[in-house]
Amino acid sequence: GSARPSRTAGPPPPLGGAASIRRPALLSSDREPALPMTENGIELRSPAGSHDLPRLVPFRGLPRQPLQDGRGTVREIHVETAPGLDLRWQLQLVELKGPRATLLAPAGTHQRIVGLSGPQVSVGDAVDRVAALGRDRALSVRSPTIVFQRPRLRVAGASVVVVLTAAASGPPPRLSFRTLDDPTDLVGISLVLLLQGELRVDGVEAARQSALLLDPRTTSHVTASAARVLTLAEESAAAD
């Protein structure tokens with residue numbers, strides 16, 4: 001049948017029968033050639049094999065790419081690949097500025113969309129089955145195509161959403177909202193996006209409009225003050 005957006009709190013069930021998803025060809029970059037392989041300036045490395053984590057990713061330094069259709073931009077926060085550059089998951093920050101826009105992902109993927117700020121957005125798939133996406137809410141689209149619609153706007157400004165794209169052949173990562181206060185530990189978390197408040201992880205301070213990449217196989221020590229965060233956890237890491 002047709003792909004439908006889902007309102008369920010948990011991740012969507014995988015789409016059956018998908019083969020491994022090949023990462024699209026890398027874009028050319030003007031960055032220094034001494035850097036490791038990158039995609040839009042982000043290193044294609046597994047956090048589990050990195051030694052410089054936690055690593056701060058400020059959004060202001062991420063290149064903006066235009067949407068395939070419609071007014072707006074996309075910034076890639078991070079991408080995780082398997083050997084051979086097969087896509088595991090990709091997290092993007094999308095700013096919508098017009099009444100309608102389309103975001104295309106590789107075939108054989110499904111997507112999870114989280115509302116962050118700005119006017120409300122309706123989210124659908126290629127056949128325009130739509131559902132309203134509010135702030136701090138998540139919707140699942142079991143399709144590589146997302147169609148965004150913004151009703152007749154009464155409030156000016158861009159609508160900002162986070163889009164998680166994952167291969168449909170395996171369990172998708174989990175996105176969760178949390179409020180952190182006082183010292184605490186995070187286990188099995190690959191990424192933390194700070195929405196408000198103050199946050200420091202293993203001595204690295206995060207600012208608003210930034211994310212921290214973590215090693216999900218270790219315990220991360222957190223100090224926070226009224227920190228509202230969005231965390232990403234991979235099922236494989238949570239099961240280890």
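# Notebook: a pocket, salt bridges, strand pairing and a core

**Entry 1, the second largest pocket.** I looked up the second largest pocket and found that its volume is about 270 Å³. Of the 16 residues that line this pocket, Leu116, Ser117, Leu195, Arg208 and Gln209 are the closest to its centre. I note here that I am working with a predicted model.

I then asked which strands build the lining, and found that strand E7 (86–104), strand E8 (109–117) and strand E16 (191–201) each supply at least two residues. The largest share, four residues, comes from E16. Sorting the lining by class, I counted seven nonpolar, three polar and six charged residues.

I began with Glu95 and Arg64, which form a salt bridge whose closest N and O atoms are 2.3 Å apart. Glu95 lies in strand E7, while Arg64 sits in the loop between strand E4 (55–58) and strand E5 (65–66), so this pair ties together parts that are 31 residues apart in sequence. Is Glu95 buried or exposed? I found a relative accessible area of 13% for Glu95, which is under the 20% cut-off, so Glu95 is classed as buried. Arg64, at 46%, is partly exposed.

My next pair was Arg88 and Glu234, another salt bridge, with the closest N and O atoms 2.4 Å apart. This pair links distant parts of the chain, since Arg88 belongs to strand E7 and Glu234 to the loop between strand E19 (219–233) and helix H1 (235–239), 146 residues apart. Arg88 has a relative accessibility of 28% and therefore counts as partly exposed, whereas Glu234, at 9%, counts as buried.

I also checked Arg228, which forms a salt bridge with Asp136 at 3.4 Å between the closest N and O atoms. Here too the pair links distant parts of the chain: Arg228 is in strand E19, and Asp136 is in the loop between strand E10 (131–133) and strand E11 (138–141), 92 residues apart. Arg228 is partly exposed, with a relative accessible area of 22%, and Asp136 is likewise partly exposed, with a value of 31%. Looking for shared partners among the salt bridges, I found that Arg64, Arg75 and Glu95 are joined into one network.

Turning to strand E12, residues 145–149, I found it mostly covered, with four of its five residues buried. Which way does E12 pair with E7, and over how many bridges? The pairing is antiparallel and runs over five bridges, and within it I located Arg100 opposite Gln149 of E12. Strand E9, residues 121–124, also pairs with E12 in the antiparallel sense, over three bridges. For this second pairing I noted Val123, whose bridge partner in E12 is Phe148.

**Entry 4, the largest nonpolar core.** I looked up the largest nonpolar core and found 21 residues in it, of which Ile77, Leu91, Val162, Leu191 and Leu193 have the most contacts inside the core. The elements giving two or more residues to this core are E7, E8, strand E13 (159–167), E16, strand E18 (210–213) and E19. What is the largest share of this core, and which element gives it? I found that E13 gives the largest share, four residues.

Finally, I looked at Val57, which lies in strand E4 and is buried, with a relative accessible area of 6%. His78 is 21 residues from Val57 along the chain, and the C-alpha atoms of the two are separated by 8.6 Å.

Pro58 also lies in strand E4, but at 27% relative accessibility Pro58 counts as partly exposed. How far apart are the C-alpha atoms of Pro58 and Ala211? I read a separation of 6.5 Å, although these two residues are 153 residues apart along the chain.

Conventions:
Residues are numbered from 1 along each chain as its sequence is written. This is a predicted model: local features need pLDDT of at least 70, side-chain atom pairs count only at pLDDT 80 or more; totals for chains, interfaces and linings use all residues. Side-chain values use heavy atoms; hydrogens and water are left out. On a 1 Å grid over the protein atoms alone, a cavity is a set of points where a 1.4 Å probe fits but cannot get out, and a pocket is an open set with protein on both sides within 12 Å along at least five of seven lines; lining residues have an atom within 4 Å of a point. Grid points are joined across faces, edges and corners, and a volume is the space filled by probe spheres set on the points. Ala, Val, Leu, Ile, Met, Phe, Trp, Tyr, Cys and Pro count as nonpolar, Asp, Glu, Lys and Arg as charged, and the others, Gly among them, as polar. A salt bridge is a side-chain nitrogen of Lys or Arg within 4 Å of a carboxyl oxygen of Asp or Glu. Buried means under 20% relative accessible area, exposed over 50%, partly exposed in between (1.4 Å probe, protein chains only). Two strands pair if DSSP finds at least two bridges between them. A nonpolar core is a set of buried Ala, Val, Leu, Ile, Met, Phe, Trp, Tyr and Cys residues joined through side-chain atoms within 4.5 Å.
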